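User: I would like to learn how to read the main features of a model, one at a time. Please give the general idea before each case.

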Amino acid sequence: MPHSLWKGAISFGLVHIPVELYPSHNAAALDLDMLDKRDFAPIGYKRYNKVTGKDVKPEDIVKGYEYEKGEYVVLSDADIKKANVKSTQTIDIVCFVEVADISPLYFEQPYYLKPGKGGDKAYSLLRETLRQSAKIGIAQVVIRTKQHLAALMPVDDAIVLNILRYADEIRPAADLDLPAAGSSTISAKEIKLANSLVSEMTEKWDPAQFHDTFREDILAMVEKKIKAKQTHALTQPEETEQEVEPKPSNVVDLMELLKQSLGSKPKADDADLKTAPPKVASRK
């Protein structure tokens, strides 16, 4: 079980539910180290004093807010907590909204909330109330040194706290010069064909059937280089290799592609989707 990232309470009217915050995902990104290509030695990064140039030990590092150029107010963890004790210890639910009212653009990062000691009954009450009302709780919480907007929602047996972006963090799509909704360039026949394709490709959501094939392909290449004893070989791009932008389909091509796509969807139990990840070299 991972360590909790935060401990406090959900403030729900006059009810306080002790909870702990836990990550909901495992980081599976490909971990590549930076190397010096002259001798393939790892490149290190160090923290140093920008005035003296000397290295600084972790225990000598403190946080500071620059209020003028080169002038700082030093802030300890105790100072940050003292500034607003309630906000640093409470997930404060400010209102409840319909799930459909929040655009997917606002959702950023989910976390699990686990009830703290003595909080099981109140936790269960909030979870079932959210589930039966089909509402989500909008709250504010301070994690480390930043106040976040958050959505509390029931997922199976858990209450999930999903960090939300603030409105001023969302870039307007209007800047992208997008085709207008309800464009007259789309015919009813094209929409009907596209809907038929969507219908044909619709299946029950099963996240277990998907995996990171790009990561697996990179690790397979690593294994191949190890076996060929080419661990330090730098592959250069082919002379003929160049990026070619796909040509947009015209209306006639689009209709034909939709027709050809119908009936061509692989079955949900296709062996390729269920293939187990290949065994690759482990990192030491």
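**Salt bridges**

Analyst: The structure holds 6 salt bridges, a salt bridge being a side-chain nitrogen of Lys or Arg within 4 Å of a carboxyl oxygen of Asp or Glu. This is a predicted model, in which local features need pLDDT of at least 70 and side-chain atom pairs count only at pLDDT 80 or more, while totals for chains, interfaces and linings use all residues. Residues are numbered from 1 along each chain as its sequence is written, and side-chain values use heavy atoms, with hydrogens and water left out.

User: Which residues are linked in a network of salt bridges?

Analyst: Arg127, Glu128 and Arg131 are. The N to O distance is 2.8 Å between Arg127 and Glu128, and 3.4 Å between Arg131 and Glu128. Arg131 and Glu128 are separated by about one helical turn because they lie 3 residues apart in helix H3. Helices here are DSSP runs of H or I with at least four residues, strands are runs of E with at least two, and both are numbered from the N terminus.

User: Is Arg127 buried or exposed?

Analyst: Buried means under 20% relative accessible area, exposed over 50%, and partly exposed in between (1.4 Å probe, protein chains only). Arg127 has 14% relative accessibility, so Arg127 counts as buried. Glu128 at 28% is partly exposed, and Arg131 at 36% is partly exposed too.

User: How is a nonpolar core read, and which residues touch the most other members of the largest one?

Analyst: A nonpolar core is a set of buried Ala, Val, Leu, Ile, Met, Phe, Trp, Tyr and Cys residues joined through side-chain atoms within 4.5 Å. The largest has 21 residues, and those touching the most other members are Ile10, Val19, Ile91, Leu113, Leu126, Leu152 and Leu161. Elements that give two or more residues to this core include strand E1 (6-12), strand E2 (15-23) and helix H3 (120-133). E11 gives the most, with 4 residues. A second, separate core has 8 residues, among them Ile136, Met153, Val160 and Leu164.

User: What is Leu152 in contact with?

Analyst: Contact means heavy atoms within 4.5 Å. Beyond its neighbours within four places in sequence, Leu152 contacts residues including Ile10, Ile93, Leu130, Gly137 and Ile159. Across the protein, 61% of the contacts with a separation of 6 or more join residues 24 or more positions apart.

User: Where is Asn162, and what does its side chain approach?

Analyst: Asn162 is in strand E11 and is buried, with a relative accessible area of 11%. A polar atom of its side chain lies 3.3 Å from the backbone nitrogen of Gln109. Asn162 also touches Phe107, Pro110 and Leu149, among others, leaving out residues up to four places away in sequence.

User: Which residues form a nonpolar patch on the surface?

Analyst: Patches are made of residues with over 30% relative accessible area and no salt bridge; like charges are joined within 9 Å, and nonpolar side chains (Val, Leu, Ile, Met, Phe, Trp, Tyr) within 5 Å. Here Tyr65, Tyr67, Val73 and Leu75 form one, with about 390 Å² of accessible area together, by the Shrake-Rupley method with a 1.4 Å probe, where only the protein chains shown count as cover for residues. Strand E5 (63-68) and strand E6 (71-75) each give two or more residues to the patch.

Key:
A polar contact is a pair of N or O atoms within 3.5 Å; within protein, one must be able to donate a hydrogen and the other to accept it, and residues adjacent in sequence count only if both atoms are side-chain atoms.
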